[in-house]
Amino acid sequence: MSTRTIAESPAPERTTVTGARRMAALARAEVTLLGRSKGTLFTAACVPLVLPLSVRSAFDEADLKAAGLTSGDVMLPAGFGFSLVFAVYAALTGIYVARREELVLKRLRTGELRDTEILVGAALPAVVLGLAQCLLLAVGCALLLDVGAPAAPHLAVAGLLFGVVLCAAAGAVTASFSRSAESAQVTGLPFMFLSLMGSGIAVPLEMLPDRLASFCELLPLSPAITLLRGGWTGDLGAYEALGAVATALAWAVIAVFAVRRWFRWEPRH
Amino acid sequence: MNTNEHVIEVTDLRRVYGGEFEAVRGVTFAVGRGEVFALLGTNGAGKTSTVELLEGLAPPAGGRVRVLGHDPYTERAALRPRIGVMLQEGGFSSELTVAETVRMWAGFTSGARPVDEALAMVGLAGRADVRIKQLSGGEKRRLDLTLALLGRPEVLFLDEPTTGLDAEGRKETWELVRGLRDTGTTVLLTTHYLEEAEGLADRLAILHAGRIAASGTPAEVTASQPSRISFELPDGYLPGDLPPLAPLGITGHDVEGRMLRLRTNELQRAATGLLVWAERSGVELRGLDVRQGSLEEAFLRIARDVAVSGAAEAEKEVAA
């Protein structure tokens, strides 16, 4: 046997699958799995639709008026926030851990999907579910609370986009630090707690002491919620909006870096 | 094999876990187009660690890998559509059915076979609507195999393809691999079954503690092993009372109690000399055992070099 090496022998002619089709194939299977996982489905679909109502009842109309807020100001960010945190963040943390521990991620990496396509494809169903809830909430609030259509739709869209990206990336990072689906419910608590309490979801930032509020504005989900709320009320100044976008961008860069640096594709040995 | 292309080239390959444990310590081999190449070894010999580097799942700590001329780690995208991979352990979502799993894979595999054909190929057509969690170990292996074959790969990596299969399933897999080789597919497989390596591989390498301890065609590896003659020393005789061993082609000996074991590369000459001597001296060689070198012998001898605990495990596996 001589030792001629094949340089770049051409691949045989065959239909090449595009990245979008690859992700669609994975996402389709994930939809099936989501439908069969009652726990994930409950957390992702029911919790975010029920919780905002409890927030609503927690605040006295009088308190809100004193802070210059309407009930719509409170309900919309709470609704969007719960959807992002439960339907996207918590669900994805569990999904990434489960797929990793079953060696599904490792097996997928032996196929033609790129790493990013695996992460995005697996996230799509949860992300779509989260977005659908947001839409439902917006329509519901518009009809029931007389909130109306967003005054600055571009800000609302930007906020939603940042929120989804950050929650998905945070879910991937959290999954990397969770050994099992059970422990993921604990490792996810800090992010959930910080976001719900400090990012203007369960408690409007106006109700917090000034110093604490200005610190909380820097939390990962705060700019997304600020943009969302501003998108509806239309009272977010250009300067504040830019600040929120800058903060969100910074977090997005950090999140992408963290996923690339820490994401685990295989269980620990 | 009648090939002049190296589809897989591995040079001085190294893999280190956690900056400490060196699982692969300088492995070198090449596989030609259309060859079936087996990496044989006990658990922990470094088979999977090596194959994962060829599959591009991790970068090597040292050395070089080329598959179809590409670096499998940095040029993953170019290589993936041309190779098929079966990992040591599945990696399926237990809540999906067999057909759903194959359909998903077909959705991101270039030139994928139709789902029905893929399932029929490995005898899973009747199990299409069964959830993965209800499959037997053997059925999961067959599902794994069909996913590896889905894109009609040029190069196939099979990590312990028949572990967990019953005798019949193992034979079917062998037939499948032979059929693939006949159509020009290059196959690299790992196994701890001697029979599998001997019957299936054109060439093989025995891995031990991260290094290649022996390699070549099964016949070459067998031929490199000394044959053995053992018998009980006759009463009143000491090893020194035997005729001079070197002129008989005997290259070494060891004594255990009254048992004497001789090693030789010229079995007929050694045995004849010994038996003629016994006949002339009028002694009986009790427990006489004359044994041609075999792959099993080679494998066992290499495995025995492991620390005592590891060796015991290796013996069990060969017996299994």
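These legends describe close-up views of a predicted model.

The model is predicted: local features need pLDDT of at least 70, side-chain atom pairs count only at pLDDT 80 or more, and totals for chains, interfaces and linings use all residues. Residues are numbered from 1 along each chain as its sequence is written, while chains are lettered from A and ligands numbered from 1 in the order in which they are written.

**View 1. Chain B and its two domains.**
Chain B splits into domain 1 (6–217) and domain 2 (226–291). These bounds come from an automatic or database domain assignment. The domain centres, taken over C-alpha atoms, are 45 Å apart. Along its principal axes, the C-alpha trace of chain B spans about 75 × 40 × 40 Å. Chain B holds 11 helices and 13 strands. Both are DSSP runs numbered from the N terminus: helices are H or I with at least four residues, strands E with at least two. Of the 320 residues in chain B, 43% are buried. Buried means that 20 or more other C-beta atoms lie within 10 Å of the residue's own; exposed means 12 or fewer, and partly exposed falls in between, with C-beta atoms placed from the backbone.

**View 2. The annotated span of chain B.**
An unreviewed UniProt entry gives "domain: ABC transporter" for residues 8–234 of chain B. UniProt positions follow the numbering used here, feature names are shortened, and annotations may be inferred rather than shown by experiment. The span is 31% helix and 29% strand. Its end C-alpha atoms lie 54 Å apart.

**View 3. Helix H6 of chain B.**
Helix H6 of chain B covers residues 167–182. At 1.5 Å a residue, its 16 residues should span 22 Å. That expected span is 1.5 Å times one less than the number of residues. The end C-alpha atoms are 23 Å apart, which agrees. Thr173(B), Val177(B) and Leu180(B) are buried in H6(B). They cover an arc of only 60° around the axis, so they sit on the same side of H6(B). The arc is that of the directions from the helix axis to the C-beta atoms. An α-helix has 3.6 residues a turn, so residues three or four places apart point the same way.

**View 4. Two faces of H6(B).**
The buried residues of H6(B) pack against strands E3 (36–40), E6 (155–159) and E7 (186–191), and helices H5 (137–149) and H7 (194–200), of chain B. The face turned away from the buried side carries exposed residues, including Glu168(B), Glu175(B) and Asp182(B). Just after H6(B), Gly184(B) takes a positive phi of about 95°.

**View 5. The largest nonpolar core.**
The largest nonpolar core has 145 residues. Such a core is a set of buried Ala, Val, Leu, Ile, Met, Phe, Trp, Tyr and Cys residues joined through C-beta atoms within 7 Å. Among the residues touching the most other members are Leu26(A), Leu92(A) and Ala38(B). Helix H4 (residues 71–101) of chain A gives the largest share, 19 residues. A second, separate core of six residues includes Leu248(B) and Ile250(B).

**View 6. Tyr89(A) in helix H4 of chain A.**
Tyr89(A) lies in helix H4 of chain A. Tyr89(A) is buried, with 28 other C-beta atoms within 10 Å. Leaving out residues up to four places away in sequence, Tyr89(A) touches Leu84(A), Cys167(A), Ala170(A), Gly171(A) and Phe191(A). Contact means C-beta atoms, placed from the backbone, within 7 Å.
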